[in-house]
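Dear colleague,

Please find the structure below, handed over for your records. My notes on what was found in it follow.

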Amino acid sequence: MKTFKLGGVHPPENKLSQSAAIEVLPLPETVTIPLSQHLGVPANPVVKKGDSVKAGQLIAKGEAFISANIHSSVSGTVQKIDDVVDTSGYRKKAIVIKVEGDIWEDGIDLSKDLVKDISLSPQEIVSRVNEKGIVGMGGATFPSHVKLMVPQGKTADVLIINGVECEPYLTSDHRLMLEKAEEMLVGIQIQMKALNVDRAIIGVENNKPDAIDHLMKLIPEYPGISVEPLKVKYPQGGEKQLIKALVNREVPSGKLPIEVGCVVHNVGTSFAVYEAVQKNKPLVERVVTVTGKGVKEPSNFVARIGTPIANLIEAAGGIPENTGKVINGGPMMGKALSDINAPVTKGTSGILLFPQAETSRKPVHNCIRCGRCASICPMGLEPYLLAVLASHKRFDDCETEKVMDCIECGSCLYICPSGRPLLDQIRVGKNETGKMIRLRNR
Amino acid sequence: MNLLTVSGSPHVYTEESVSKIMYGVLFSLIPAALVSFYFFGLAAIMVTLTAIVSCMFFEFIIQKYLIKGPVTIFDGSAVITGALLAFIVPASLPLWMVVIGSLVSIGMAKMTFGGLGKNIFNPALVGRVFLMISFPVEMNMYPKPTSFSTQLTDIITGPTPLAVVKEGVAQGEKVSDLLPEVPEYVSLLMGNMGGSVGEISALAILLGGIYMLIRKIITWEIPASYLGSVMILAGILWMIDPEVYVDPLFHLITGGLMLGAIYMATDMVTSPMSRWGMIVYGIGCGFLTIVIRIFGAYPEGVAFAILIMNAFVPLINRGFKPKRFGEEVKNG
């Protein structure tokens, strides 16, 4: 069975919610829709306070090249456009809408019927994906239409679909592959058409045998698409690691996957592409896993964008008494939340609750130079060295030691027996080194 | 509800810790310790206990009264330094010398550099070399193995098998005439020979090494390249003239080679970080060991070989980087 070669770790999988079918979360009273839910420039609002909006209506326009449109996830009245604390913990602009009924914009097909025929041309597909605000749903939230436009002089020959879900606890992609497999497969065909490739590979870790079996049964009807079971290893869902595992190509340092003829999209994104292209439905809802060892009913919900995270936790049986940490995402790369009223955004794949006892890090000891961080780094870096260089502000050396290649997967901090804050220091190094490089290139 | 903790990712951590690693090493030393207690009796137990207790004592004194910082004597590292120091001195060594060796190991080799993780040279080896230079007579008298001896004084001593062969060859004797003077290979493997407290049984040390490999405390690179290069170099010399150069197997199972390759050279703090760095370091250790054993003044070269290579570790770390992802583009 395939996997990537360099480094990797095996944190406990804890997929508690893997057999919980996706449930539709009831509508909240208000939704808070941040204008920056994607990588790139925030969208500009096109509604104002007091406007009444329908679900699926465009409320903010992504005007830069790397930006994304934002649509209302509910019908109701715009209460305010104001700064709110989002999942990043910073105050950012958001549109707050009071929910009134559930009326959808005209032209959106809400039926569950599978539409297989792809009538749009490649150009039309790209502009539809752009128009409907689709972003990468694995967590990085890179605007998807940009990835579907192959730059001049480059060619894509294979589309890689990320169904790895290597983060412990999270199961939203797993459930999607089980419950929306056909829609997802059509979505993949749409992306293949847009990219003009005849081959797509879905990479799935073999801790999801039911999803692999299910997809295997369906793919004969979808020519060009194959499913590849992968040996479980974190961070296999990293773009570069997944490409290496599936087609044994190495994306050069500082380059994008297209350099080696690959485009990578997540399974959730493929489903969103299907809905946008075949059903004319913008990205206004997503599957979110709510889980944790103390959670009464670990669940997978379809939630409208902007729903307070507190509502999801309530629906999963309420917040356990001893909760000490709430994480937006998985335990390896997710962000700890300061406020559970922050809204679900396009990149929210899971909400993870940790008891107080598991919130603190290990006590920090001297580095014993065991070299484990270097041996497990999936990018072949030396985290112990980068951390020291960064804390001594030697950013020139950080650059030579390839700090910018770090994907912040967290494996080094996970493995360190001395509990050293390796990734924290490397992040500082990355930031400062990045600044230095940008200044130099100006 | 409680206040929520906010911290950078990741939010899960391995169960592994510094003291778990250290006590893992200690646990793996049990077979070698049992063999030495069997062959050298009470004297070996006394030397081991003295070294461990005095290493912990000196670390405590230094941390508490000189550095005035946190005391970390129970993290297991001082215990290991003590145990390893005891394992590489003769069981007949006067206990006050063991105490001095411990002071040098902890005080000079470890704490002056800043404590755990900061030292350049392996503390136990520094202690041994200090003792060897300071007390050459006592450090070169190795007790003959008996069984369960409770004798602490007037122990019968003699040269180690390595010394027997080295001196014999130096006086023009043939290897084939010298080998009958030392125990048979199976006997050597079990540890039935003169030598330092814990180095005698290659088999017991190998057992500990396998445990550490399984626990992932050490990796295969250093022991394999070290032992491998010793075998190859000794093998080449042996093929040139088997009557002057003893066979590679003899080199492998006598002296401190096995202990050195599995416990000393693999010391995380003083060995390289990358795979190729480790292999180069191991080969360097092997080369120097053979050079000292065959051409040097001492019959045994493991301690010096590893200490010399320790000094090269920063250089090796610079020269042998791990393979970076996406460094050279290989497509296919």
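The buried residues of H5(B) pack against helices H3 (77–87), H4 (95–110), H6 (136–139), H13 (257–264) and H15 (302–319) of chain B. Here a residue is buried if 20 or more other C-beta atoms lie within 10 Å of its own, with C-beta atoms placed from the backbone. Helices are DSSP runs (H or I, at least four residues) and strands likewise (E, at least two), numbered from the N terminus.

This is a predicted model, in which local features need pLDDT of at least 70 and side-chain atom pairs count only at pLDDT 80 or more, while totals for chains, interfaces and linings use all residues. Residues are numbered from 1 along each chain as its sequence is written, and chains are lettered from A and ligands numbered from 1 in the order in which they are written.

The buried residues of H5(B) include Leu125(B), Val129(B) and Leu131(B). H4(B) and H5(B) pack at about 130 degrees, their axes (lines fitted to C-alpha atoms over the stretch in contact) 8 Å apart.

Between the chains, the contact takes 55 residues from chain A and 35 residues from chain B, counting residues whose C-beta atoms, placed from the backbone, lie within 7 Å. On the side of chain A that touches chain B, E15(A) gives the most, with 5 residues.

Yours sincerely

Terms used: Buried ≥ 20, exposed ≤ 12 C-beta atoms within 10 Å, placed from the backbone. Contact = placed C-beta atoms within 7 Å. Axes fitted to C-alpha atoms, helices over the stretch in contact; angles between N-to-C directions.
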